[in-house]
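Take a look at the model below before reading on.

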Amino acid sequence: MVRFIIASVALALLLDASSAFTFVKSPTSITFPSATSVNNEQSNESSILAVRSSALFMGRAAAVRAATKGKTDAKKAKTNAYYGKKIIMAVKQGGSADPQANRALGELIKQAKANSVPVDNINRAIKRASEANTADFKESTFEAYGFGGASMIINVLTDNDNRATADVKSTVGKRNAKMAESGSVLFMYDRKGKLEVNVELDEEELLEAAIEAGCEDMELVEGDEEGTSIVYSEPADTSKMAEAIKSLGHEPKMNLAYVSKAPVEVSEEDFEKNMAIIDALEELDDVDSVEHNMSN
């Protein structure tokens, strides 16, 4: 595309240059363009190049924005669906749609709101849970091996075990990865509370707030996106850590996650293959998240 545009401009320059001369009958009577005319033509040619270049870069920027928005929208939809299913589970297991009487439900509603789940979605899930034809949801975990020593934890929340199992195994197998025996991957991970915020947290301030809130352990790392932070805590301290972060003026998104004890760095080619597997898995309705041990 760039070569084509540059060639077009070069052709325009050649044609404009040839038309800049006025030929008359006498071979000695050749009229050259004035300096002002040349400058104007050069300015116009620069404008053509600038406009075409701008259009090119605007097209790329639009494509990047569209791709980013698509991923953001998909992630938001996945989060909304996850909490919808979890709320249905909490209502059915707790026997009450009242968050005051059902502590598990009340805690889930807090988490859902912290993760920007619309109130209408929350109320709709609570209503669905009381309907007789609403199926029960069940959590399960699958383990898999990727490329270059990578491993994956596949978290599933489904109302149909057979469908979920078939979809996960098919997705992994089609991409030449391998399902692992139960427990053969999981022992290499720790279960942690994961809290995400859209700012860069100050470690000393966070440590003081965590101690004040009664947290025993924490780890602060950079978030997946620039200018964000992730805080890991012991599962039992997740709510306390959330309060510590709130005391600093930030609203965290929180959930439980598996964190690798020994991250591995894989080649660029293997990384791309593994991410293709993860993306395909996360597109499945029954898969809520996929965690891995890749450090790059």
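Tyr-232 sits in strand E8; strands here are DSSP runs of E with at least two residues, helices are runs of H or I with at least four, and both are numbered from the N terminus. This is a predicted model, where local features need pLDDT of at least 70, side-chain atom pairs count only at pLDDT 80 or more, and totals for chains, interfaces and linings use all residues. Residues are numbered from 1 along each chain as its sequence is written, and side-chain values use heavy atoms, with hydrogens and water left out.

Is Tyr-232 buried or exposed? Its relative accessible area is 15%, so Tyr-232 is buried (under 20% is buried, over 50% exposed, partly exposed in between, with a 1.4 Å probe and protein chains only). Leaving aside residues up to four places away in sequence, Tyr-232 touches Lys-192, Gly-193, Lys-194, Asp-217, Met-218, Glu-219, Val-221 and Val-259, where a contact means heavy atoms within 4.5 Å. Arg-191 is 41 residues away along the chain, yet its C-alpha atom is 9.7 Å from that of Tyr-232.

## Strand E8

E8 belongs to an open, antiparallel sheet of four strands, in the order E7-E8-E6-E9; two strands pair if DSSP finds at least two bridges between them. E7 (218–222) and E9 (253–260) are the edge strands, each with a single partner, so one side of each has no neighbour in the sheet. From one strand to the next, the twist averages 30°.

Five bridges link E6 (residues 189–197) with E8 (residues 229–233), and Val-197 stands opposite Ser-229. E7 and E8 also pair over five bridges, with Met-218 partnered by Ser-233. Six residues lie between the strands of the E7 and E8 hairpin, where Gly-227 takes a positive phi near 80°.

## Two helices

Helix H6 (residues 203–213) packs on the sheet, touching E7 and E8. H6 also packs with helix H7 (residues 238–247), at an angle of about 130° and with axes 8 Å apart. In H6, Leu-206, Ala-209, Ala-210 and Ala-213 meet Lys-240, Met-241, Ala-244, Ile-245 and Ser-247 in H7.

Methods
Axes are lines fitted to C-alpha atoms, for helices over the stretch in contact, and angles run from 0 to 180 degrees between N-to-C directions.
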